[in-house]
Amino acid sequence: MSRAEALYRLQMFDLDLDKAVRRAREIDAAIKDSPAVSRVRTELTAIQSVVARATSEHRLIELDAQGADEKIASEEKRLYGGTIKASKEMMDTQHEVESLKKRRAEVEGKMLEAMMAVDEARVTERRLQAALKQAEGKWAEDNVALNKEMGELRTRYAGLAEQRKGLISAIPKPDLDIYALLRAKKPNGVAVSLIKAGTCGTCGEEASSMHIQQARQGAILVTCSSCGRILHG
Ligand SMILES: [Zn+2]
């Protein structure tokens, strides 16, 4: 095996390892965050505060109605209980009861409106609760698949890393150093380029016939005169 070929094989492992690491990062991010779940959760929190506001509004009106009922009852008791002697007081009390009943009717209308507002908000709340449950279920399902994929990636990574060790042991240290240096510098970690139709397969620069021949013989490492990658062909 030529020196360049050994590095080219190593690169195939490394590119596979890079891919596994990238995918693992994607999975990590996807498991941490579910946009669908957090969106529904935000909507639910908002409607829950609407329900709370509407409920307390309704309760206040209810208390108002209760107060009016009690006042009406006590005035009517006075009116028909025979405690009032003067007719003027009698008439005043009758007026008072009438005006209280009018107010009570208005309160009744408001109470109905408030009740409807509560009901409406509760319907939305229940709908969002169901939507949240569904989104969370879907998320959990996705996570099962993602966790499974993550487990497979780990196994694959460990296998590749083990094979890589064996490969490295057969490559001279200076070659490994050049390879590592190029990999760190070059986009996507491509340090070794295949010669394709007499040109560098990565940057397209034409390789001299001497370089092509040297690359084939494999006794020395030949680099592309344009991009500096190790040529293998
Ligand atoms: Zn090149």
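Colleague: Which residues does His58 touch, leaving out those up to four places away in sequence?

Modeller: Keep in mind that this is a predicted model. His58 touches Met111, Ala114, Met115 and Val118. His58 itself lies in helix 2, residues 35-80.

Colleague: What makes His58 count as buried?

Modeller: Its relative accessibility is 13%. Buried means under 20%. So His58 counts as buried.

Colleague: Now the metal. Which atoms coordinate the zinc ion?

Modeller: The SG atoms of Cys200, Cys203, Cys224 and Cys227 do, at 2.2 to 2.3 Å. In sequence the donor residues follow the spacing C-x2-C-x20-C-x2-C.

Colleague: Why is the arrangement around the zinc ion called tetrahedral?

Modeller: Look at the angles. The 4 donor atoms subtend 101 to 116 degrees around the zinc ion. Four donors count as tetrahedral if all angles lie between 85 and 135 degrees. The arrangement is therefore tetrahedral.

Colleague: How do you know that Cys200 and Cys227 tie together separate parts of the chain?

Modeller: Check their places. Cys200 lies in strand 2, residues 199-200. Cys227 sits in the loop between helix 5 (209-217) and strand 3 (230-232). These parts are 27 residues apart in sequence, so the pair ties them together.

Colleague: Are Cys200 and Cys227 buried or exposed?

Modeller: Cys200 has a relative accessible area of 2%. Cys227 has 11%. The limit for buried is under 20%, so Cys200 is buried and Cys227 is buried.

Colleague: What makes up the largest nonpolar core?

Modeller: That core has 17 residues. Those with the most contacts inside it are Leu7, Leu10, Ile171, Tyr179, Val192 and Ile230. Helix 1 (3-32), helix 3 (87-168) and helix 4 (173-185) each supply at least two residues. Helix 1 gives the most, with 7 residues. Apart from this core lies another, of 9 residues, including Ala207, Ile212, Ala215 and Cys227.

Colleague: What does Ile230 touch, not counting residues up to four places away in sequence?

Modeller: Among its contacts are Ala4, Leu7, Ile178, Tyr179 and Leu182. Val192, Leu221 and Val222 are also among them.

Colleague: Arginine next. Why is Arg183 called buried?

Modeller: Arg183 has a relative accessible area of 17%. With the limit at under 20%, Arg183 is buried. Arg183 lies in helix 4.

Colleague: Which residues is Arg183 in contact with, leaving aside neighbours within four places in sequence?

Modeller: They are Asp14, Leu15, Asp18, Gly189 and Ala191. For Gly189 there is a distance to quote. Its backbone oxygen lies 3.0 Å from a polar atom of the Arg183 side chain.

Colleague: Where do Asn188 and Ala197 lie, and why do they count as exposed?

Modeller: Asn188 is in the loop between helix 4 and strand 1 (192-196). Ala197 is in the loop between strand 1 and strand 2. Exposed means over 50%. Asn188 is at 66% relative accessibility, so Asn188 counts as exposed. Ala197 has 85%, so Ala197 is exposed.

Colleague: Step back to the whole chain. How many helices and strands does the chain have?

Modeller: The secondary structure comes to 5 helices and 3 strands. From the N terminus on, the elements run α-α-α-α-β-β-α-β.

Colleague: What share of the chain is buried?

Modeller: Buried residues make up 32% of the 233 residues.

Technical notes:
Residues numbered from 1 in each chain as written. Predicted model: local features only at pLDDT ≥ 70, side-chain atom pairs only at ≥ 80, totals over all residues. Heavy atoms only, no water. Donors = N, O, S within 2.8 Å, 3.2 Å for Na, K, Ca; no water. Tetrahedral: all angles 85-135°; square planar, octahedral: opposite > 155°, others 65-115°. Helix = DSSP H or I, 4+ residues; strand = E, 2+ residues; numbered from the N terminus. Buried < 20%, exposed > 50% of the residue type's maximum accessible area, 1.4 Å probe, protein only. Core = buried A, V, L, I, M, F, W, Y, C linked by side-chain atoms within 4.5 Å. Contact = heavy atoms within 4.5 Å. Polar contact = N/O pair within 3.5 Å; in protein donor to acceptor, adjacent residues only side chain to side chain.
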